[in-house]
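Have the sequence and the 3D view ready side by side. We will walk from a helix to some ring pairs and then to charged partners.

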Amino acid sequence: MSRVDLSIILPGIRSHNWSKLYLSIAEACTSSWELIVCGPEKSFPEGLISMDNIKVIYDKGSPVRASNIAASLASGKYITWTADDAVYLPHSIDAALQTLVESDEMGDNPKDVVVGKYYEGADGTQKQLHADNYFRINGSDSTRSPYIDNSWYLFNIGFMHTKFFNSLGGWDCSFEACPMAHTDMACRAYNQGAKVQLLEHPVLDCDHMPGTTGDHAPIHNAQLGHDEPLFRQRYSDPSWRAKNTGLELDNWKDSPNVWDRRFGK
């Protein structure tokens, strides 16, 4: 596939949602794009099989490992990531890319990052948009640290130059589920001089299975039992910035190729 403007990374297990997500991208983005899916699903929605801007990689590792595998195939100038319990809001990707393009034209900072707000909640519930502080790292008890700047934003939704993403090594596959890996990458990006802007309008509308309901138990247990303790250990260290020496994008090779929490041993 030739180079595109944007690569969209999806660690995916819910193939029944992929067509809806794909259509939402088409309504959100008028630039050229590709969707790169990595996960354990061998079946693929019939309506998407013929699309030439989709790549699918089979892997049974953790969602973070799947994300980095997918990112290693990105051909876009810019990169972003999503989830298959979400859909993009109309014109939302255009708004994010326009912000990055304007920064490029100014020649301001190749480490520009645009982060997005999002609606979240159980399917069919009334969803409200949270205040800006909700999207900051220190806005949550799960990620707060006295050694993290209060102005720093989460990277749950992010858009950046693929070159900068690759230089960071993508996500740290020591984490298993995406939320804490996204936040860890945010800290590393800020530490490397990222200039981050929060979009005014939301980008995604996300559904959510609470606790261990539905297919969410492996994510829930990984976050509470492994990822949050790892994050707290790392960022409760006042010298973490000096120790934050970077990663290789293929750090996924050091993670298990079968994620026990979902697939057993």
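Predicted model: local features only at pLDDT ≥ 70, side-chain atom pairs only at ≥ 80, totals over all residues.

Residues are numbered from 1 along each chain as its sequence is written, and side-chain values use heavy atoms, with hydrogens and water left out.

Let's start at helix α5, residues 178–191. Helices (H or I, at least four residues) and strands (E, at least two) are DSSP runs, numbered from the N terminus. From first C-alpha to last, the 14 residues of α5 reach 20 Å, close to the 20 Å expected at 1.5 Å a residue; the expected span is 1.5 Å times one less than the number of residues. How enclosed is α5 by the rest of the structure? It is largely enclosed, because twelve of its 14 residues are buried, among them H182, D184 and R188. Buried means under 20% relative accessible area, exposed over 50%, and partly exposed in between (1.4 Å probe, protein chains only). After the helix comes G193, whose phi is positive, near 95°.

Now look for aromatic rings. Rings of Phe, Tyr and Trp (its six-membered ring) pair if their centres lie within 6.5 Å; planes under 30 degrees apart count as stacked, over 60 as edge-to-face and the rest as tilted. The count comes to twelve aromatic pairs. One of them joins W81 and F165, tilted at 40° with centres 6.1 Å apart. This pair links distant parts of the chain, since W81 is in strand β4 and F165 in helix α4, 84 residues apart. Both residues are buried. F165 also pairs with W171: their centres are 4.9 Å apart and their planes at 70°, so this pair is edge-to-face. Elsewhere, ring pairs link W152, F155, Y190, F231, Y235 and W240 into a cluster.

Finally, turn to the charges. A salt bridge is a side-chain nitrogen of Lys or Arg within 4 Å of a carboxyl oxygen of Asp or Glu, and the whole structure holds 15 of them. R234 lies in helix α6 and D184 in α5, so the pair ties together parts that are 50 residues apart in sequence. D184 is buried, with a relative accessible area of 0%, whereas R234 is partly exposed at 26%. Together with D172 and R188, these two residues are linked in a network of salt bridges.
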